[in-house]
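Hello,

Here is the structure I said I would pass on. My notes on it follow below.

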Amino acid sequence: MQTSEPSSTPIRLLIVDDHAILRQGISLMVNEENDFEIVGEAGNGKAALSLAMELQPDIVLLDIFLGTSNGLDIAKQLLRSCPDTRIVLFSGFDDEDFLFEAVRIGVHGFLKKPLSIDDLVSALRAVKQGERVLGEPRAITKVLEEFHQLTRVHNRLLFKLNTTEIELVRLASEGCTNREIGSKLYWSEVQVKRKMQDIYKKLEVTDRAQAVAEAMRHGLI
């Protein structure tokens, strides 16, 4: 992760974590950076919301677990009540559900607690500059895989193709003839031909090659 040059205006940071030692440790280390100003600390969700609305920090670094409070719920409230503040979730757990939900609600960063202080301040600088930051390449891969899967489902619904029709196009993309496809699916060659014509209409193409190309372009196969 690259480190940017310090800004002339300090990045105003609010730190929210229910572990006082961790919260104070982050505060002390980040405060050593010339381009940061720790404007406040909070140990629970209620205090976080109150301080964020009062101080309007540039960034809230928010623990995803706050005792009985859920950091994701606090993040949602902060995104509504402090629209100019960027929210970065901080987690000690490797849980895909938390990651996907964090991305879905629109947080500006999702970082893991084992991060070094240098990587942490670099990530916060990037967030201040408008980037969305995920703490590790594997997390980015997970999000991209999930996005790809959702895109496939969306496009399948958009073109109104069912799973059997998707399978027909996939077999066609492998070079199978109508007779070979029929043999695999226990259909007659005529049935396959009719079904392929239905697929052409749905994809708005006129032949097999175009159908395969269109299906691939939209991530259907």
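Arg132 is exposed, because its relative accessible area is 56% and the cut-off for exposed is over 50%. Please keep in mind that this is a predicted model.

Arg132 sits in the loop that runs between helix 5 (117-128) and strand 8 (133-134). Which residues does Arg132 contact, leaving aside its neighbours within four places in sequence? They are Gly106, Val107 and His108. Two of these contacts can be described through backbone oxygens. The backbone oxygen of Gly106 is 2.7 Å from a polar atom of the Arg132 side chain, and the backbone oxygen of Val107 is 2.9 Å from a polar atom of that side chain. In sequence, Val107 and Arg132 are 25 residues apart, while their C-alpha atoms are 7.9 Å apart in space.

Helix 5 also takes part in a helix pair. Helix 1 (residues 20-31) packs against helix 5 at an angle of about 75°, and the axes are 11 Å apart. Helix 1 is therefore roughly perpendicular to helix 5, since angles of 65 to 115 degrees are counted that way. On the helix 1 side, the contact is made by Ile26, Met29 and Val30; on the helix 5 side, by Ile117, Leu120 and Val121. By class, this contact has 6 nonpolar residues, no polar and no charged ones.

The second pair is helix 7 (residues 163-173) with helix 8 (residues 178-185). Their axes come within 10 Å and cross at roughly 130°. That angle makes helix 7 oblique to helix 8, and the crossing is right-handed. Leu168, Leu171 and Ala172 from helix 7 meet Ile181, Lys184 and Leu185 from helix 8. Sorted by class, the contact of helix 7 with helix 8 has 5 nonpolar residues, no polar ones and 1 charged.

The last item is Glu214, which is located in helix 10 (residues 208-217). Is Glu214 buried or exposed? Glu214 is buried, because its relative accessible area is 18% and buried means under 20%. The Glu214 side chain makes a polar contact with the side chain of Arg217, at 3.1 Å. Leaving aside neighbours within four places in sequence, Glu214 is in contact with Phe159, Leu203 and Val205.

Regards

How values were computed: Residues are numbered from 1 along each chain as its sequence is written. This is a predicted model: local features need pLDDT of at least 70, side-chain atom pairs count only at pLDDT 80 or more; totals for chains, interfaces and linings use all residues. Side-chain values use heavy atoms; hydrogens and water are left out. Helices (H or I, at least four residues) and strands (E, at least two) are DSSP runs, numbered from the N terminus. Buried means under 20% relative accessible area, exposed over 50%, partly exposed in between (1.4 Å probe, protein chains only). Contact means heavy atoms within 4.5 Å. A polar contact is a pair of N or O atoms within 3.5 Å; within protein, one must be able to donate a hydrogen and the other to accept it, and residues adjacent in sequence count only if both atoms are side-chain atoms. Axes are lines fitted to C-alpha atoms, for helices over the stretch in contact, and angles run from 0 to 180 degrees between N-to-C directions. Angles under 35 degrees count as roughly parallel, over 145 as roughly antiparallel, 65 to 115 as roughly perpendicular and the rest as oblique. A crossing is left-handed if the near helix is turned anticlockwise from the far one by less than a right angle, and right-handed if clockwise. Ala, Val, Leu, Ile, Met, Phe, Trp, Tyr, Cys and Pro count as nonpolar, Asp, Glu, Lys and Arg as charged, and the others, Gly among them, as polar.
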